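Please read this briefing with the sequence and the coordinates open side by side.

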Amino acid sequence: MTTTTTRAADAPRSSTEHAPTASPGSQLRLVVAGSVDDGKSTLVGRLLHDTKNILADTYDSMVAASTSRGAEQVDLALLTDGLRAEREQGITIDVAYRYFSTPRRTFVLADTPGHVQYTRNMVTGASTADAAVVLVDARHGVSDQTRRHAALMALLRVPHVIFAVNKMDALEWSRSRFDEVRTQAIDLADRVGLSDPRVVALSALTGEGVVAPAPDGYDHPPLLDLLESLPVRDDLRAESFRMPVQLVIRPRTAEHPDYRGLAGRIASGVLHVGDRVRAVSSGLTSRVVAIDTPVGSREVAVAGESVTVRLGDELDVARGEVLSLVADPDQPVADSEVSGVLAWLAAADGRVRQRVLVKAGTKVVRAVVDDITHLWDVETSTWHAAGPEAVMTLNTIGRVRLRLAEPVVLDPYDSHRATGAFLVIDPASGATLGAGMSGAGLGSGADDDAAQLESEEDWLAG
């Protein structure tokens with residue numbers, strides 16, 4: 001964990017001041033990742049400090065915490081290390097979210113852990129990100145954890161990834177060393193399939209290259225300028241309509257004797273009264289006659305809103321069903337076999353023929369790990385064929401096939417992040433074992449011709 005000084009000109013705002021307001025629709029969800037002690041929390045603190053987004057009372061608590069640890073300078077990393085265990089150990093354990101703004105954009109920022117054992121928390125922070133900053137210590141270059149994080153960013157389809165070569169001040173801003181690390185980062189990005197990666201030089205300790213410009217000889221803009229100019233991924237409202245049904249509402253009261261509504265949160269797209277929708281699993285269709293919300297009926301509902309949809313026909317629809325528009329050309333499919341890439345997040349090993357639960361949207365079904373065809377080699381950033389006794393250990397990434405007791409509705413993750421993801425769950429404890437992406441790819445060179453292994457009919461039949 002690094003420390004930093006505070007200049008008088010950069011004094012924190014008082015708690016009565018307000019941050020600048022960005023224009024509507026310009027929010028960027030940002031995740032900061034990297035290996036242990038690469039300076040992630042210090043960078044986050046620097047961004048908040050230098051953009052005047054630290055309140056006076058928060059700054060005072062940072063001063064007190066730094067003093068109690070015997071530090072002579074204010075440690076900006078303490079701003080995001082909120083857990084007591086984090087502050088005592090000087091590490092990041094949990095995902096810390098911070099909200100800040102500049103005149104050009106608002107940010108939702110996730111500072112994620114660097115330790116290998118907490119990689120699952122990094123996956124949580126990156127799963128909804130529009131952009132990622134992956135820190136690399138200039139002294140050490142690309143590490144195994146950097147390779148792991150880059151692979152996960154590619155797998156999660158984070159649209160923009162910036163490799164931030166930190167601690168350049170410790171090397172007196174050596175341009176030759178920066179070029180070496182930049183070459184390593186670009187090669188890694190090519191191997192894992194990141195599109196249009198950026199590489200910048202900075203010092204979170206001094207602030208150079210973060211909000212202030214880097215020294216002469218570095219022609220790239222400061223990190224903040226780059227983050228402010230990144231195009232935000234397409235609005236979810238522009239994607240095809242998807243709504244996983246969470247609850248079928250049947251009050252059967254004197255006031256509403258015949259009311260039947262399908263309640264859920266719209267994952268993507270736009271729904272209008274009068275649209276024809278399809279229940280994907282059954283293929284049955286009907287017309288939307290009303291859209292109800294907690295504040296009254298609406299003619300239109302959009303992604304992110306929780307609504308109750310009433311249809312003109314009595315379709316057999318239950319929790320776990322997914323609604324789509326009949327007019328949409330790209331329709332999801334309901335299948336009892338799921339293939340994709342799985343990031344294993346549990347300490348207990350995952351094996352072929354293991355009995356699990358799969359949660360896709362609002363539906364949970366029994367399943368069996370039918371095959372593990374390939375495992376991702378972090379060191380070489382390539383796929384290796386897995387044998388019949390393949391095991392997935394903590395933080396392993398594998399290509400898997402799951403056989404389900406009944407069909408679930410999934411989109412290809414590449415085109416629909418919200419409805420293309422699934423979870424693998426321990427049926428005994430309810431703990432999450434892995435996070436999966438349907439049909440997702442990572443890197444190249446995988447051979448999917450793997451034999452089907454032994455079935456588990458009794459488990460699937462319940």
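Residues are numbered from 1 along each chain as its sequence is written, and side-chain values use heavy atoms, with hydrogens and water left out. The chain has a mean pLDDT of 84, and 83% of its residues reach 70 or more, pLDDT being the predictor's confidence in each residue on a scale from 0 to 100.

**Confidence**

- Over residues 1-25 pLDDT stays under 50, and for this stretch the model has 60 contacts beyond four places in sequence, a contact meaning heavy atoms within 4.5 Å.
- Residues 444-457 also have pLDDT under 50 throughout, with 30 contacts beyond four places in sequence in the model.
- Where pLDDT is low, the predicted coordinates should not be read in detail.

**Overall make-up**

- The chain has nine helices and 24 strands, where helices (H or I, at least four residues) and strands (E, at least two) are DSSP runs, numbered from the N terminus.
- Of the 462 residues of the chain, 51% count as buried; buried means under 20% relative accessible area, exposed means over 50%, and partly exposed lies in between, with a 1.4 Å probe and protein chains only.
- Among contacts between residues at least 6 apart in sequence, 73% join residues at least 24 apart.

**Cavities**

- The structure holds three cavities of 30 Å³ or more, a cavity being a set of points, on a 1 Å grid over the protein atoms alone, where a 1.4 Å probe fits but cannot get out, with lining residues having an atom within 4 Å of a point.
- The largest cavity has a volume of about 60 Å³, volume being the space filled by probe spheres set on the points, with grid points joined across faces, edges and corners.
- Residues lining the largest cavity include Arg242, Pro244, Val322, Val409, Asp411 and Thr419, and β7 (242-249), β22 (397-410) and α8 (417-420) each supply at least two residues of this lining.
- By class, the lining of the largest cavity has eight nonpolar, two polar and two charged residues, where Ala, Val, Leu, Ile, Met, Phe, Trp, Tyr, Cys and Pro count as nonpolar, Asp, Glu, Lys and Arg as charged, and the others, Gly among them, as polar.
- The second largest cavity, with a volume of about 50 Å³, is lined by Arg29, Leu30, Val31, Tyr97, Val108, Ala110, Gly125, Thr128 and Ala129.
- The lining of the second largest cavity divides into six nonpolar residues, two polar and one charged.

**Helix α1 and His149**

- Helix α1 (residues 40-50) is largely enclosed by the rest of the structure, because eleven of its eleven residues are buried; among them are the charged residues Lys40, Arg46 and Asp50.
- His149 has its place in helix α5 (residues 144-155) and counts as buried, at 0% relative accessibility.
- A polar atom of the His149 side chain lies 3.2 Å from the backbone nitrogen of Gly34, a polar contact being a pair of N or O atoms within 3.5 Å, of which, within protein, one must be able to donate a hydrogen and the other to accept it, while residues adjacent in sequence count only if both atoms are side-chain atoms.

**Loops and positive phi values**

- Most residues other than glycine have a negative phi, and most peptide bonds are trans.
- Arg157, in the loop between α5 and β5 (160-166), has a positive phi near 60° and counts as partly exposed at 28% relative accessibility.
- Trp173, in the loop between β5 and α6 (175-192), has a positive phi of about 55° and is buried, with a relative accessible area of 13%.
- Lys167 is likewise found in the loop between β5 and α6, counts as buried at 14% relative accessibility, and reaches the backbone oxygen of Asp37 with its side chain at 2.6 Å.
- Lys167 and Ala204 are 37 residues apart in sequence, and their C-alpha atoms are 6.9 Å apart in space.

Terms used:
This is a predicted model: local features need pLDDT of at least 70, side-chain atom pairs count only at pLDDT 80 or more; totals for chains, interfaces and linings use all residues. On a 1 Å grid over the protein atoms alone, a cavity is a set of points where a 1.4 Å probe fits but cannot get out, and a pocket is an open set with protein on both sides within 12 Å along at least five of seven lines; lining residues have an atom within 4 Å of a point.
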